[in-house]
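Dear colleague,

I am handing over the structure below, followed by an account of what was found in it. Please read the two side by side.

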Amino acid sequence: MKRRESALVRPHVVTGGRARPSRNTFEMDTQIFAVRQASPGTAGPEMRRVLGLCRERPMSVAELSAHLALPLSVTKVLLGDLLDGGHIVTRSAQRDLEAPRLELLQGVLDGLRAGL
């Protein structure tokens with residue numbers, strides 16, 4: 001099999017032919033945390049790699065995709081399976097953002113006005 005053909009077949013095999021994750025909860029910056037190891041024989045090598053990487057520290061979906069050398073869509077399918085199985089939890093980067101303090105915003109506005 002040629003290199004290009006094998007590159008096309010591998011993602012198909014990794015996801016069992018699925019093109020979409022079971023849930024649409026993964027953005028590129030969603031942080032993934034491993035909370036449980038997969039039992040032997042229940043997860044493929046890519047899933048075990050995700051769990052190993054996220055056990056060391058949380059990683060974003062984009063980082064995991066790069067480490068696995070898989071397209072983002074394929075990585076999201078794998079993550080959906082791991083989430084459904086209770087092996088990972090996610091945290092959206094958006095939830096971690098705090099609203100800016102009013103004093104800070106007022107200072108920026110005053111600085112802009114002074115520069116005009």
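Three strands make an open sheet in the order β2-β1-β3, with antiparallel pairing, where strands count as paired if DSSP finds at least two bridges between them. The edges are held by β2 (59–60) and β3 (88–91), each with a single partner strand, so one side of each has no neighbour in the sheet. Between β1 (residues 31–34) and β2 the pairing, in the antiparallel sense, extends over two bridges, and Ile-32 stands opposite Met-59 in β2. Strands of a sheet pair through backbone hydrogen bonds, in either the parallel or the antiparallel sense.

Before going further, please note that this is a predicted model, in which local features need pLDDT of at least 70 and side-chain atom pairs count only at pLDDT 80 or more, while totals for chains, interfaces and linings use all residues. Residues are numbered from 1 along each chain as its sequence is written, and side-chain values use heavy atoms, with hydrogens and water left out.

The chain holds five helices and three strands, which follow one another along the sequence in the pattern α-β-α-β-α-α-β-α; helices (H or I, at least four residues) and strands (E, at least two) are DSSP runs, numbered from the N terminus. Of the 116 residues in the chain, 29% are buried, where buried means under 20% relative accessible area, exposed over 50%, and partly exposed in between (1.4 Å probe, protein chains only). Among the contacts in the chain with a separation of 6 or more, 68% come from residues 24 or more positions apart, a contact being heavy atoms within 4.5 Å.

Turning to the helices, two packed helices are described by the angle between their axes and the distance between the axes. Here the axes are lines fitted to C-alpha atoms, for helices over the stretch in contact, and angles run from 0 to 180 degrees between N-to-C directions. Helix α2 (residues 45–56) packs with α3 at an angle of about 125°, their axes being 11 Å apart. The two helices, α2 and α3, are therefore oblique to each other, on a scale where angles under 35 degrees count as roughly parallel, over 145 as roughly antiparallel, 65 to 115 as roughly perpendicular and the rest as oblique. The crossing in which α2 passes α3 is right-handed, that is, the near helix is turned clockwise from the far one by less than a right angle, anticlockwise being left-handed. On the α2 side this contact is made by Glu-46, Arg-49, Val-50, Leu-53 and Cys-54, and on the α3 side by Leu-64, His-67 and Leu-68.

With α4, helix α2 packs at an angle of about 70°, with the axes 10 Å apart, which makes α2 roughly perpendicular to α4. Glu-46, Met-47, Val-50 and Leu-51 of α2 meet Leu-78, Leu-79, Asp-81 and Leu-82 of α4 in this contact. Helix α4 also lies across β1 and β3, running at about 115° to β3.

Cys-54, in helix α2, is buried, with a relative accessible area of 5%. Leaving aside neighbours within four places in sequence, Cys-54 is in contact with Ile-32, Phe-33, Ala-34, Met-59 and Leu-64; the C-alpha atoms of Cys-54 and Ile-88, 34 residues apart along the chain, are separated by 8.5 Å. Ser-60, in strand β2, is likewise buried at 9% relative accessible area, and, not counting residues up to four places away in sequence, Ser-60 touches Met-28, Asp-29, Thr-30 and Gln-31.

The structure holds two salt bridges, a salt bridge being a side-chain nitrogen of Lys or Arg within 4 Å of a carboxyl oxygen of Asp or Glu. One joins Arg-57 to Glu-63, with the closest N and O atoms 3.3 Å apart; Arg-57 is partly exposed at 41% relative accessibility, and Glu-63 is partly exposed at 30%. The other joins Arg-101 to Glu-103, with the closest N and O atoms 3.7 Å apart, and both Arg-101 and Glu-103 are exposed.

Finally, a point of backbone geometry: most residues other than glycine have a negative phi. Ala-69, however, has a phi near 55°, a positive value in a residue other than glycine. Ala-69 is found in the loop between α3 (61–68) and α4 (72–84), and counts as exposed, at 60% relative accessibility.
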